[in-house]
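Q: Can you walk me through this model?

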Amino acid sequence: MSETKNTKAKLLEHLRLEILSTRMAPGADIDEAALSEAFAISRTPLREVLRQLAGEGYVQLRENRSVRVMDMSFATMRDFFVAAPMIYGAVLRLAALNRTGDQLKALCAAQDGFRAALRSGSPVDSALANNRFHEITGEMANNVYLRPSFRRLLIDHARIGTTFYRPTTSEMAGNLGKASDQHDQIIAAIRAQDDLRAGQLADEHWALSRDQIELYVMPGGLDVPLGSLPNTRTG
């Protein structure tokens, strides 16, 4: 790998982690000059990295304005809560049908990392470890239509998911152990290629975190039934 490609890869990974962890806040402007200096990278390869991130849903390119971290608006969050259970269910069902042996090993390793993060990591560490677990299920699903949507969903799930890993009651703390147990059950269903069970677990796993996340991010008065379709907009 050339020096420029290596630098671009490091910058790409850096920006992904900064955005997923919310150290770069939703809606924040990206300081290209500072990044260029910090990574000793010229404008052209830097812009190539930003274009890739825009294609993945991490940032928004704006004509004659600075690049901005993708925002998390009311409309975005509404769509997130509507789409998440449907997409997670489809991904896990397909993961059970299409997984490979190597992917299954990678999923088990990701679960080990998730358990370690729950034991001794920060809320951000746990959210990122959870994100990696679900990224692998998306790779297993191997669906050209679902994968881009799932990747976009995971970005916002990771960004708002840190709330799940900051429990404020004993019940919330207990849910962390339940989440890990459900990961183990998901692995078992995928190993057995039981797509129906995998779909059921997707619903259970989403429901476990949904209510707690809502306490932090759902605007007052917004009541969207789980998995319902958004209202048709007119005018």
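This is a predicted model: local features need pLDDT of at least 70, side-chain atom pairs count only at pLDDT 80 or more; totals for chains, interfaces and linings use all residues.

Q: What does the protein chain average in pLDDT?
A: The average is 88, and 90% of the residues score at least 70. pLDDT is the predictor's confidence in each residue, from 0 to 100.

Q: Where is the pLDDT below 50?
A: Over residues 219-235. Beyond near neighbours in sequence, that stretch has 19 contacts in the model (contact means heavy atoms within 4.5 Å).

Q: Salt bridges next. How many are there?
A: The count is 13, where a salt bridge is a side-chain nitrogen of Lys or Arg within 4 Å of a carboxyl oxygen of Asp or Glu.

Q: Which residue does R16 pair with?
A: R16 pairs with E56, and their closest N and O atoms are 2.7 Å apart. R16 lies in helix α1 (residues 3-20) and E56 in helix α3 (residues 43-56), so the bridge ties together parts that are 40 residues apart in sequence. Helices here are DSSP runs (H or I, at least four residues), numbered from the N terminus.

Q: How accessible is R16, and how accessible is E56?
A: R16 is partly exposed, at a relative accessible area of 21%, and E56 is partly exposed with 21%. The cut-offs are under 20% relative accessible area for buried and over 50% for exposed, with partly exposed in between (1.4 Å probe, protein chains only).

Q: What about E139 and R132?
A: Their side chains form a salt bridge at 3.3 Å, N to O. E139 is partly exposed at 25%, and R132 is partly exposed at 35%.

Q: And R197 with E204?
A: That salt bridge is 3.5 Å, N to O. R197 is partly exposed at 27%, as is E204 at 35%.

Q: Which residues are joined into one network?
A: E32, R43 and R47, through salt bridges that share partners.

Q: Switching to α8. How many residues does the helix have?
A: Helix α8 (residues 170-191) has 22 residues. From first C-alpha to last it reaches 32 Å, close to the 32 Å expected (1.5 Å times one less than the number of residues).

Q: Which residues of α8 are buried?
A: Among them are M172, N175, L176, H183 and I190.

Q: What follows α8?
A: Q193, with a positive phi near 55°.

Conventions: Residues are numbered from 1 along each chain as its sequence is written. Side-chain values use heavy atoms; hydrogens and water are left out. Helices (H or I, at least four residues) and strands (E, at least two) are DSSP runs, numbered from the N terminus.
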